[in-house]
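Here is a walk through a two-chain model, written for someone who would rather look at side chains than at summary scores. Have the viewer open as you read.

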Amino acid sequence: MEVFSWLQYDFMRYAFVAILVITPLFGLMGTMIVNRKMAFFSDALGHSALTGIAVGVVFGIEDTNISMIVFAVIFSLLLNQISSKIAASTDTVISVFSSCSMALGLAILSRGGNFSKYSSILVGDILSITVQELLYLLLILVLTFGFWIFGFNKLLAVSLNRTLAKSYHISAAWMENLFAILTALIVMVSIKWIGILIINALLILPAASSRNISENIREYHFFSIVFSLFSGILGLVISYYVNVATGPTIVMIASIIYFITYIWGRKNNL
Amino acid sequence: MKKIIKPCGLHCIKVNHLGVSLGNQEILKDINLHMHCGSLNAVIGPNGAGKSTLIRAILGDIPHTGNIEFKDRENGQIQKLKIGYVPQSLNIEKQTPVSVYDMIASYQSHFPVFLVKNRKVKNKILDYLKVFEADYLLDKQVCNLSGGELQRVLLSMAIMDSPNLLLLDEPVSGIDRNGMELFYKTIYQLKEHYDLAIILISHDLDYVKRYADKVILLEKTVLKQGSVKEVYQSKEFLKVFQLEKEET
């Protein structure tokens with residue numbers, strides 16, 4: 001079949017499976033990130049990937065994936081802690097720490113004019129994914145789904161009112177930290193394929209679009225995952241035929257969905 | 001209002017020497033309270049007196065010194081205290097896709113709300129919403145409720161686990177005069193028909209005068225407590241609220 005001719009290549013098949021794993025994951029996580037107004041937080045996390053790689057390079061760690069993940073987890077917990085302690089507004093605090101860590105990462109990685117070696121992480125390349133890396137992604141998907149089954153209610157309860165959650169013996173700090181760690185893991189594991197510059201768009205756009213037209217949590221999740229999957233698959237196919245980078249194509253489709261749902265939502269809510 | 005459980009008047013809740021400090025600042029000190037089931041206890045005091053802190057301390061949301069006892073007056077047995085809480089407001093914006101069912105189920109049930117509606121959970125929620133004539137709100141978005149509707153929903157949720165103590169933070173915004181009247185009437189009926197003690201943080205001295213059984217005047221510590229008459233005629237009351245009136 002002509003329509004599926006792109007599936008004859010191994011790299012396209014792997015990329016297709018990767019999309020089938022990553023996009024529902026992002027659709028799922030995005031619902032909570034948008035609800036909790038953490039868009040800026042996840043953005044800062046994405047940027048911290050550079051610092052994580054730099055730390056790995058400085059300490060001579062061979063697999064910079066590990067230093068990247070470890071750094072992101074510590075960074076996310078630190079951000080959580082600081083935002084809850086400091087009275088200044090959260091986005092200011094996050095911005096300060098994010099710029100500081102990113103500058104450090106860029107400075108270290110650009111030493112000796114070597115930055116071009118790392119620039120691929122800015123845009124990402126889903127076509128270079130291997131089978132083993134696909135398995136890691138699958139593991140994270142299962143982990144996230146498990147956390148969602150056991151923790152989503154509590155997370156929602158905490159985000160609505162912390163004191164009220166406390167009266168049901170739900171620990172806000174625990175849930176917030178677990179969620180931050182999970183976000184860090186997901187962003188770091190997928191950043192090589194999606195790219196620092198657009199990873200946040202993929203996290204935010206499907207959930208934000210879904211929010212435009214949903215009235216309850218079930219619709220919110222359903223549409224977010226469907227939009228995410230749809231933009232992912234369509235983006236991959238289009239990028240193959242038009243020969244442009246996959247990540248940006250996906251984001252453009254997700255943006256178009258956002259505008260359509262925005263207009264549709266306004267029409268029906270007013 | 002259905003489900004009538006007469007208060008037995010035999011349970012009592014005691015707060016002993018409760019104190020809260022944040023850093024070097026002492027916010028509450030040596031609070032002693034004694035409440036019986038079936039009583040409406042109103043906490044009044046100027047802004048920044050520590051009223052909300054008191055509620056958070058009783059809930060265990062912030063560390064405190066002293067202790068809270070729950071006793072059966074007949075045999076003096078100490079039991080586990082169940083607390084219901086009605087916050088002043090929720091952290092929710094316009095357009096948030098969270099329905100009343102989603103909100104209550106997220107606190108009350110372990111069944112993931114993002115999968116499907118669980119019929120058992122739904123029926124339980126409906127039962128309690130009916131107590132406050134709010135069952136028609138089940139599928140409404142929480143962010144679109146009026147102040148009074150939200151208050152009724154939160155009250156339904158607070159009594160779902162049949163608490164012994166109900167902590168209420170009186171709403172200050174989004175409710176008009178009629179709504180407030182209804183709010184106080186509902187609370188009054190609640191304490192008449194359910195076996196629980198109520199602590200209400202109030203900003204409205206007129207309503208307190210009409211509905212409270214006991215008034216607690218708070219400013220860092222309990223300045224005066226007793227019947228409405230005792231507190232309203234005390235020199236401490238005049239001092240606290242006279243000063244406030246001059247300021248405003």
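Which residues does S101(A) touch, not counting residues up to four places away in sequence? The answer is S48(A), T51(A), F71(A) and F75(A), where contact means heavy atoms within 4.5 Å. S101(A) sits in helix α4 (residues 90-109) of chain A; helices (H or I, at least four residues) and strands (E, at least two) are DSSP runs, numbered from the N terminus. With a relative accessible area of 7%, S101(A) is buried; buried means under 20%, exposed over 50%, and partly exposed in between, using a 1.4 Å probe and protein chains only.

A word on the ground rules: this is a predicted model, where local features need pLDDT of at least 70 and side-chain atom pairs count only at pLDDT 80 or more, while totals for chains, interfaces and linings use all residues. Residues are numbered from 1 along each chain as its sequence is written, chains are lettered from A and ligands numbered from 1 in the order in which they are written, and side-chain values use heavy atoms, with hydrogens and water left out.

S76(A) is in helix α3 (residues 64-85) of chain A, and its relative accessible area is 0%, so S76(A) is buried. Beyond residues up to four places away in sequence, S76(A) touches F41(A), L45(A), A180(A), I181(A) and A184(A).

H221(A) belongs to helix α10 of chain A and counts as buried at 3% relative accessibility. Leaving aside neighbours within four places in sequence, H221(A) is in contact with L28(A), T31(A), W148(A) and F152(A), and also with F114(B) from the other chain. Its C-alpha atom is 7.8 Å from that of A207(A), 14 residues away along the chain.

**Aromatic rings**

Searching the whole structure turns up 21 aromatic pairs over all chains. Here rings of Phe, Tyr and Trp (its six-membered ring) pair if their centres lie within 6.5 Å; planes under 30 degrees apart count as stacked, over 60 as edge-to-face and the rest as tilted. Y9(A) and Y240(A) have ring centres 6.3 Å apart and planes at 50°, so this pair is tilted. That pair links distant parts of the chain, with Y9(A) in the segment before α1 (10-35) of chain A and Y240(A) in helix α10 (residues 217-242), 231 residues apart. Y258(A) and Y262(A) make a stacked pair, 6.2 Å centre to centre with 20° between the planes. Both lie in helix α11 (residues 246-269) of chain A, four residues apart, about one turn of the helix.

| Residue | Relative accessible area | Class |
|---|---|---|
| Y9(A) | 37% | partly exposed |
| Y240(A) | 26% | partly exposed |
| Y258(A) | 23% | partly exposed |
| Y262(A) | 37% | partly exposed |

Ring pairs also link F145(A), F147(A), W148(A), F152(A), F179(A) and F114(B) into a cluster. Recall that W148(A), F152(A) and F114(B) are also contacts of H221(A). Over in chain B, the charged end of K117(B) sits over the ring of Y101(B), 5.5 Å from its centre; the rule asks for NZ of Lys or CZ of Arg within 6 Å of the ring centre and within 35 degrees of the ring normal.

**Where the chains meet**

On the chain A side 29 residues are in contact with 38 residues of chain B. About 3000 Å² is buried between the two chains, and carbon and sulfur atoms give 57% of that; buried area is the accessible area (1.4 Å probe) that two parts lose on being put together, summed over both. Three salt bridges are counted between chain A and chain B, each a side-chain nitrogen of Lys or Arg within 4 Å of a carboxyl oxygen of Asp or Glu. E93(B) forms a salt bridge with R211(A), with the closest N and O atoms 3.8 Å apart. As for who supplies the chain A side, α6 (131-160), α7 (162-167), α9 (199-213) and α10 each give at least two residues. The largest share, ten residues, comes from α6(A).

**A look at chain B**

Chain B has eight helices and nine strands, and buried residues make up 53% of its 248 residues. K220(B) has a positive phi of about 70° although it is not a glycine, and K220(B) is found in the loop between β8 (214-219) and β9 (221-226).
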